[in-house]
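Open your viewer and get ready to click along.

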Amino acid sequence: MALLLFLLLAISIVSADEDAFIGVNIGTDLSDMPHPTQVVGLLKAQQIRHVRLYNVDRGMLLALANTGIKVAISVPNDQLLGIGQSNSTAANWVSQNVVAHYPATNITTICIGSEVLTTLPNAARILVSALKLIHSALVASNLDRQIKVSTPLSSSLILDSFPPSQAFFNRSWNPVLVPMLSFLQSTGSSFMLNIYPYYDYMQSNGVIPLDYALFRPLPPNKEAVDANTLLHYSNVFDAMVDAAYFAMAYLNFTNIPVMVTESGWPSKGDSGEPDATSDNANTYNSNLIQHVLNKTGTPKHPGISVSTYIYELYNEDLKPGPLSEKNWGLFDSNGAPIYILHLIGSGSVLANDTTNQTYCAAKDGADEKMLQAALDWACGPGKVDCSLLLQGQPCYEPDTVAAHATYAFDTYYHQMGKGPGTCDFNGVATITTSNPSHGSCVFSGSVGKNGTFFNGTAPALNSTSADSHGQYLHSSASTSGIILIGLLWVCGFL
């Protein structure tokens, strides 16, 4: 009877979160890390409204200003000891990294470290202190209601995770977890958990079926059943989330919501990682996104979605370890999708198919005179504002016909709504999924629906500069030849 009462209590108390979301982690271990304005351009093009940063990069926080994107920032593990032992250090950190940017940058969450108990156990003794000191600094700045504080933990802290109803935390960490959970409960913060069904599957020695790890539909007789609650589990993710709820209930905390701060699947691996494939990564992330946004909930809390950050936005080629460590991203450093997510009924979030994220570029090897004529037309009759191609402007470099033509072609292509035939230019242009943006030159694939560039440096697309297109002629082409080809181009195009 006591066990039954415990299970009923654990199941019934957590309330629905109407604002459950899908967010994305942004790592920076790339050899060619995109400029912050390019990152924000990709976020806006994909309608990603929640991001988690592993640091407090000033350039990134400035680029995110006035976008409305909700930002979770982090105290890196190597700063934890200083902050956890000094009220003034914590106050200075909040002043420099939060107060200096808020509210222009919509900081909603501060993550204190990452998987501290399992990766930096020597800092465990000051983890709760760091949580409290950062929160106290927020209170002093009247920001404690707007910004929550928590710490992402590894799911490996949960022992005997199946059946979920029997799950409990590694008891050696209870002296840290109990005061931490008390803090989360008193401040209305979430219990942050990193869940990786890929690793659970790889380490299960065949016990966990691949379909169960990937959210693939299972017949009822293939679902895992919790003998204590008779709840049916069709995927690893839900089982781990419910295990976290039961583990907290075991310590008498039943009203703290779970937030998944990392989850994903690698798209490529070494020979010993045969299931790290783009198809499996696509299946997992597509199903995860729909599972959260459709408010499916878990068997323990049906209809109560768990906000989740996908790991991660970009492939990080500088990550140490096996090949899979470098291939968790949804996009490459150029902003091209690693695979095309299969999303149905989950709105426009991360709809990264090629019709959504395409650009118009000059064809490799195209005739330079034809390119120049097409550039001339786009910046003239085509009504593309090419002022950013002038010397000293963001898109002047590289100063080549092909680079300037790509900018003009892509702007025209998006200006015309990416309609059929708007990326041809007499055969010298082609559609690509590779983002040609570079530095502060952000291309039209990163343009908002109101026609303005996200970094705020470029003019609106509906402005015209028909009188100035002659400024973009290159000396390598004769003027008479350009005029003749230009006339033929206009006739051919129209």
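**Before you set off**

This is a predicted model, in which local features need pLDDT of at least 70, side-chain atom pairs count only at pLDDT 80 or more, and totals for chains, interfaces and linings use all residues. Residues are numbered from 1 along each chain as its sequence is written, and side-chain values use heavy atoms, with hydrogens and water left out.

**Stop 1: the whole chain**

Colour the model by pLDDT, the predictor's confidence in each residue, from 0 to 100. The average over the chain is 84, and 83% of the residues score at least 70. Now select residues 1–13, where pLDDT stays under 50.

Switch to a cartoon view next. The chain has 15 helices and 15 strands; helices (H or I, at least four residues) and strands (E, at least two) are DSSP runs, numbered from the N terminus. Of its 494 residues, 54% count as buried. Here buried means under 20% relative accessible area, exposed over 50%, and partly exposed in between (1.4 Å probe, protein chains only).

**Stop 2: the largest pocket**

Rolling a probe the size of a water molecule over the atoms shows where empty space is left. On a 1 Å grid over the protein atoms alone, a pocket is an open set of points where a 1.4 Å probe fits, with protein on both sides within 12 Å along at least five of seven lines; lining residues have an atom within 4 Å of a point. Grid points are joined across faces, edges and corners, and a volume is the space filled by probe spheres set on the points.

The largest pocket has a volume of about 1000 Å³. Select Glu115, Ser155, Asn194, Tyr196 and Tyr199: of the 42 lining residues, these are the closest to the pocket's centre. Strand S3 (70–75), helix H9 (197–202) and helix H11 (236–250) are the elements that give two or more residues to the lining. Which element gives the largest share of the lining? That is H11, with 3 residues.

**Stop 3: the salt bridges**

Side chains of opposite charge can pair when their charged atoms come close. A salt bridge is a side-chain nitrogen of Lys or Arg within 4 Å of a carboxyl oxygen of Asp or Glu, and the structure holds 3 of them.

Select Glu262 and Arg52, whose closest N and O atoms are 3.1 Å apart in a salt bridge. Glu262 lies in strand S12 (residues 258–263) and Arg52 in strand S2 (residues 50–53), so this pair ties together parts that are 210 residues apart in sequence. Are these two buried or exposed? Both Glu262 and Arg52 are buried.

Move on to Asp211, Arg216 and Asp279, which are linked in a network of salt bridges. Asp211 meets Arg216 at 2.9 Å, N to O, while Arg216 meets Asp279 at 3.9 Å. The second pair links distant parts of the chain: Arg216 sits in the loop between helix H10 (210–213) and strand S10 (224–225), and Asp279 in helix H12 (residues 278–293), 63 residues away. Asp279 counts as partly exposed because its relative accessibility is 48%.

**Stop 4: a buried methionine**

Select Met180 in helix H8 (residues 174–187). With 0% relative accessibility, Met180 counts as buried. Leaving aside its neighbours within four places in sequence, Met180 is in contact (heavy atoms within 4.5 Å) with Val128, Leu131, Thr151, Leu153 and Phe191.

**Stop 5**

Finish at Phe215, where phi is near 70 degrees, a positive value in a residue other than glycine. Phe215 is in the loop between H10 and S10, and it is buried, with a relative accessible area of 10%.
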